[in-house]
Amino acid sequence: MSYAYLFKYIIIGDTGVGKSCLLLQFTDKRFQPVHDLTIGVEFGARMITIDGKQIKLQIWDTAGQEAFRSITRSYYRGAAGALLVYDITRRDTFNHLTTWLEDARQHSNSNMVIMLIGNKSDLESRREVKKEEGEAFAREHGLIFMETSAKTAANVEEAFINTAKEIYEKIQEGVFDINNEANGIKIGPQHSPTNTSLPLSGSGSSQGGGCC
Amino acid sequence: MDFLKSGWKSVVGSQDGQSQPSVAETIEKLIERVQTSTLLEDRRDACRALKSLSRTYRLEVGAQGMETLINVLETDKNDSEIISYVLDTLNSIISGPIEDPIDYIEGSPNEKSEDLGQQFTEIFAKRKENVSLLIDLLEEFDFKVRWPALRLLMGLLRNKLRDLQERILANPMGISRLMDLLSDSREIIRNDAIILFVHLTRGNSNIQKIVAFENAFDKLFEIIAGEGYSDGGVVVEDCLIVFQNLLKNNTSNQNFFKEGSYIQRLLPFIDITNDTQWPTQKSTNVLFLLQVIRTLVSPRNPLQVTNSCQKVMHQCGVLEKLCAILLTSGVPAEILTETISTVAEVIRGNHHNQEYFSNVTAPSNPPKSVIVILLMSMVNEKQPFDLRCAVLYCFQCFLHKNEFGQAQIIQTLLPNSTDASGLTGQLLCGGLFSADPFSSWLAATALSHALVDNETQKEQLLRVQLSTDSNIGPVSLLQQCCTMLQQSAKLQTRIGLLMLLCHWLSNCSFAVTNFLNIPTNIPYLTSQAGLAESDDLEIVVQGLCAFVLGLCVHFNDDSIPSFTREDLCNLIIKRIGVETFLDKISSISKSEKYSLASQRPQLRYSRVDDVVFDYEFCRLFKSLEGAIIKAVQNKPDLTNGPESNMSAEQHRLLVQYKEVIRDQDQQLTSLRSELEKLRENFEKVNAELKEQSDTCQQLRDQNALLKAQKSSSSLPSMMSDEANISRIQDLKRENESLTKQVRNLQIELARYKSSSPPVPETKINIGDDEEDDSSSVNSVKKLSEEIEALKSELEKEREAKLAISAELDTATKEQEELLDLLSDQQLKATKYRKRLKELGEKLDDDGFDDDDEDIEATENLNELLNK
């Protein structure tokens, strides 16, 4: 169960866009067709491998309903990655992205990696938002973009893993301060002793300095 | 007071010669000064005075000054001194005067003071900005500000938990800021912050989740480790209470705790087997720790969560460590009891853990299994009541959904069991027939758990023989139980035995038959069920007797002539009366003890005398009550039928006929049902067949379709399959015709090549392209394009050729015409010459002239040709 890094994610977006289903598909590899309203926040976890390193993802799936918005805000600051989800068959969920993004930018740390996800790509016949529109929005706001289907599992793995890759790269570049757990990143138990030893942490901080 | 007075004077000014101002006036003046004074020092002094006053005149200062004071927090937030005074004042208003911090936590303020605090809290929390203001103040590092701000928040939380929780939740940074306090290097702030979290996390799952998200488990574990785990002080206890709050009934956090590998981090905590000293605080800490473990595997959690936590606890050694505590001497009884209950829940319903548990042995000689050791304590009167109950719970959890374990236990009672394993059986039997009623209740209940939902073991248990008296020879266990039941005067013993019988007889006709074969049983039950005593517990016994009787009816296979289902029903009607019987049965569920026991698997009795029912019995009763009521009321009109006035002979005959009819009826119904079953089966099979043939057809169609698709090109399928096929066929046709064209053109080309100069473009290898045609539409297209080009070039060539040949034709024609003309001329010339000769003209240069004319004609011709 040991891991090199632990990343905290949050999943945000309007109600009914399939946030919980994405999580369920990712952690349990199954799909639940009945919409079971998330109350507050639910937790899920899974181990992935990037660059030969074990990375533990802890994911907080938030409630999309307006009533829970203030609760959701408490999770932004401590997350390293966010999956911002809309429903390609519902234009309004796409229109609300700006609000979500503003909220996220306001309450999160500036390095948080945001992945924009157009979910329900299996419902091509009911599509209301073109893929190009999603791509354009992502480009404009500096997000990564993907269309997924929690039902068929298309791109679900990729969405979570690509987000982790982006965070991992940022760590390699020294953008994240990995010793500050408030960033939503934790170093694994077997790695922490080496990290607290002087030479390594020294090089880590000089890396950070070089970046600035 | 002198100090106070001088304080007022310095602030309000001395008022010599006038009467002393009333307190209200003084406070009013001070507040006015705080509001209006432009000098910070003035405001500061006024606040200081208010702080002193608030200790004695809490109501007055609060009622008049609350708003002003809150304003100061906003306007003067850069001056830590004035903020500190204001916070102290507010603390007095909200929580009453505090002399000693201990008071603050454990003190029991009187009702009036509490009421006042709640009212002021309500006023304070009305504006959500006020709470945010306080949270912002927590960022100030200055002890004078941070600490009172923290205490004020705590006071508010204590007074109005729900309101404050909502206010703090509404602030996105709120919990995060509070979490930072846990890292404060000043212990007093850190420890108070832990207590703040004890309040904050109570009963609000949203806050619990955010707190967990903010790494509370990590931080608290660090604090616990820093304090020395169970040897730590009250701080460890507080941390564990926060743990418990975060995990209780919170599936998300339970998952998080498990996934975050925090269960493993509990290990050093449980490693207490070498400890000999048990100070009170240490015991308390360990007790809380055990309760934290239990929240993760509680029977009330979703099965999935409990199961996965149980698995982790086995894998990482928590279970092992807990079992080690069970075998350690010198552990306080309180802790031992809680450990037994914890082990119980860690193994409950989890086969692996149950198996592990059953194999744990004490290092004695010969090694005794932990089960034996626990049972010894259970049937030992000298052991504490709670401990004995805990052992029963553990035993119950060990056998919960554990057929193998049940068989194992029953096996120890059977004659062929070995000495070592027979110990369990001996202990249970010894307990069952002990003089101590509670021991026998416990043993009977324990034994009944080995029978729950397990018909095989019910039959096995019937084989058990006891040798009570060497003179009489062996007696069956069932016989002995019944004898005990009828002879004992002790209520608890009888209740225990009756519950055991209920489990034993339910769903097991063989056991019922055995039971009915003991002649004294039915008279005993009917007499008990028919009693009309008013004592609470006697009524319960009567109810249980009625229930056992009901089981004898319901699970009766009519194999004992005098006690068939019908006989027993008649007996109930005649001896007890159906109404009374039903009353007795319902008296069980009406009992207070019943509702208490049915709430949760673990016994929650505080005294020996309270113990009546156990959880598994309540479950059994619930599931069978309806069926028994129905079984007993089966034939309500039997006594009024025509048979009541028949002679014995007639009756015998009637019974005989009835039997025959019943047999036939039974046969008929069984045949009918068989027929029905067969018909259903037939229909089902038919339907299946149809379905299968349908699917077969479908599959065949699909197969054909797929074959067609496969053989065709891998064109991106934007259109339907049929369209695809037709399109492919079109393409094929096109292709064929194109190939044909190509061939034709080739032939033509060859023909023209021989007659006309070679065209460089025609050198493409047509043959090769032709091969690719069949596989790729693209190459077909390319080819057809090439062909097109080729064609057009050929066309050009052909046209040129045609033009040339046309010219040639015209030239030849003209030449012929000219030749004709020439020959005409020659003819004419010869004719004229002849005529000239005839006319006598002399022609000298006959030949020469002729030649001249010839040359002239040739020249003409040449001219014509050149044109």
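Hi everyone, let's start with a stretch that needs some caution. Where pLDDT is low, the predicted coordinates should not be read in detail. That matters here, as what we have is a predicted model. For chain A as a whole, the mean pLDDT is 86, with 89% of residues reaching 70 or more.

Now, how do the two chains meet? The contact takes 17 residues from chain A and 17 residues from chain B. On the chain A side, the elements giving two or more residues are β2 (41-50), β3 (53-62) and α2 (69-73). Of these, β2(A) gives the most, with four residues. If you sort the chain A residues that touch chain B by type, you get seven nonpolar, six polar and four charged.

How many residues does the largest nonpolar core have? It has 252, and the residues with the most contacts inside it are Leu84(A), Cys394(B), Leu498(B), Leu505(B) and Val548(B).

Setting aside neighbours within four places in sequence, Cys394(B) is in contact with Ile340(B), Val343(B), Ala344(B) and Leu374(B).

For a helix, have a look at α31 of chain B, residues 509-516. Its buried residues are Ala511(B), Val512(B), Asn514(B), Phe515(B) and Leu516(B). What do they pack against? Their partners are five helices of chain B: α28 (455-462), α29 (477-487), α30 (491-505), α32 (521-530) and α33 (536-554).

My last stop is a loop residue, Leu327(B), found between α20 (318-326) and α21 (333-347) of chain B. Why do we call Leu327(B) partly exposed? Because it has 16 other C-beta atoms within 10 Å, and a residue needs 20 or more to be buried, or 12 or fewer to be exposed. Not counting residues up to four places away in sequence, Leu327(B) touches Ala362(B) and Val370(B). Leu327(B) and Ile373(B) are 46 residues apart in sequence, yet their C-alpha atoms are 8.5 Å apart in space.

Notes: Residues are numbered from 1 along each chain as its sequence is written. Chains are lettered from A and ligands numbered from 1 in the order in which they are written. This is a predicted model: local features need pLDDT of at least 70, side-chain atom pairs count only at pLDDT 80 or more; totals for chains, interfaces and linings use all residues. Two residues are in contact if their C-beta atoms, placed from the backbone, lie within 7 Å. A nonpolar core is a set of buried Ala, Val, Leu, Ile, Met, Phe, Trp, Tyr and Cys residues joined through C-beta atoms within 7 Å. pLDDT is the predictor's confidence in each residue, from 0 to 100. Ala, Val, Leu, Ile, Met, Phe, Trp, Tyr, Cys and Pro count as nonpolar, Asp, Glu, Lys and Arg as charged, and the others, Gly among them, as polar.
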